[in-house]
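This report walks through one protein model, strand by strand and helix by helix. Keep the sequence and the structure in view while reading.

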Amino acid sequence: MKKKQTIRIFEEKKVRTVWDDEQQKWYFCVVDVVEALTDSKNPTDYIKKMKKRDPALAEGWGQIVTPLSVQTAGGRQRMNCTTQEGW
């Protein structure tokens, strides 16, 4: 599966993306999207709190996100990503 990575800008915030050539879809790094939409200083904690408040979200989290290898400041790491459709 060939993947291409880029960085998109949304309201001056960077959102890491991964193109899946096999599925012909862009995947967006969830933590980057949450940070861009909420202006949260700690988007990982924000996601944890959302999942805690919404049991249905917590239960279906595995169907919404896909762990993909993404370039980070500390090197490549597996991060939760999703498509625009959320699957």
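Start with T17, whose bridge partner in β3 is F28. Two strands count as paired if DSSP finds at least two bridges between them. Four bridges join strand β2 (residues 13–20) to β3, and the two run antiparallel. Together β2 and β3 form a hairpin, with four residues between them. In that turn, Q24 has a positive phi of about 55°.

A note on the source: this is a predicted model, where local features need pLDDT of at least 70 and side-chain atom pairs count only at pLDDT 80 or more, while totals for chains, interfaces and linings use all residues. Residues are numbered from 1 along each chain as its sequence is written, and side-chain values use heavy atoms, with hydrogens and water left out.

**Overall layout**

The protein has three helices and five strands. Helices (H or I, at least four residues) and strands (E, at least two) are DSSP runs, numbered from the N terminus. Along the sequence the pattern reads β-β-β-α-α-α-β-β. Of the 87 residues, 32% count as buried. Buried means under 20% relative accessible area, exposed means over 50%, and partly exposed lies in between, using a 1.4 Å probe and protein chains only. Contact means heavy atoms within 4.5 Å. Among contacts between residues at least 6 apart in sequence, 32% join residues at least 24 apart.

**The strands**

β2 is mostly covered, with six of its eight residues buried.

**The helices**

Two packed helices are described by the angle between their axes and the distance between the axes. Axes are lines fitted to C-alpha atoms, for helices over the stretch in contact, and angles run from 0 to 180 degrees between N-to-C directions. The table lists two helix pairs.

| Helix pair | Axes come within | Crossing angle |
|---|---|---|
| α1 (residues 30–38) and α2 (residues 43–53) | 9 Å | roughly 95° |
| α2 and α3 | 4 Å | roughly 115° |

The axes of α1 and α2 cross at roughly 95°. That makes α1 roughly perpendicular to α2. Angles of 65 to 115 degrees count as roughly perpendicular, under 35 as roughly parallel, over 145 as roughly antiparallel, and the rest as oblique. On the α1 side, the contact is made by V30, V31, V34, E35 and T38. On the α2 side, P43, T44, Y46 and I47 take part. By class, this contact has six nonpolar, two polar and one charged residues. Ala, Val, Leu, Ile, Met, Phe, Trp, Tyr, Cys and Pro count as nonpolar, Asp, Glu, Lys and Arg as charged, and the others, Gly among them, as polar.

The axes of α2 and α3 cross at roughly 115°. These two helices are therefore roughly perpendicular to each other. I47, M50, K51 and R53 in α2 meet P55, L57, A58 and W61 in α3. By class, the contact of α2 with α3 has six nonpolar, no polar and two charged residues.

**Around α1**

Which residues of α1 are buried? They are V30, V31, D32, V34 and A36. D32 has a relative accessible area of 6%. Not counting residues up to four places away in sequence, D32 touches K14, V15 and R16. Just after α1, D39 takes a positive phi of about 60°. N42 lies in the loop between α1 and α2. N42 is partly exposed, with a relative accessible area of 42%. The C-alpha atoms of N42 and V31 are separated by 9.1 Å, and the two residues are 11 apart along the chain.

**The nonpolar core**

A nonpolar core is a set of buried Ala, Val, Leu, Ile, Met, Phe, Trp, Tyr and Cys residues joined through side-chain atoms within 4.5 Å. The largest one has 14 residues. Of these, V30, I47, W61 and C81 touch the most other members. β3, α1, α3 (55–64), β4 (66–72) and β5 each supply at least two residues of this core. The largest share, three residues, comes from α1. Leaving aside neighbours within four places in sequence, C81 is in contact with residues including Y27, C29, V30, I64 and L68.
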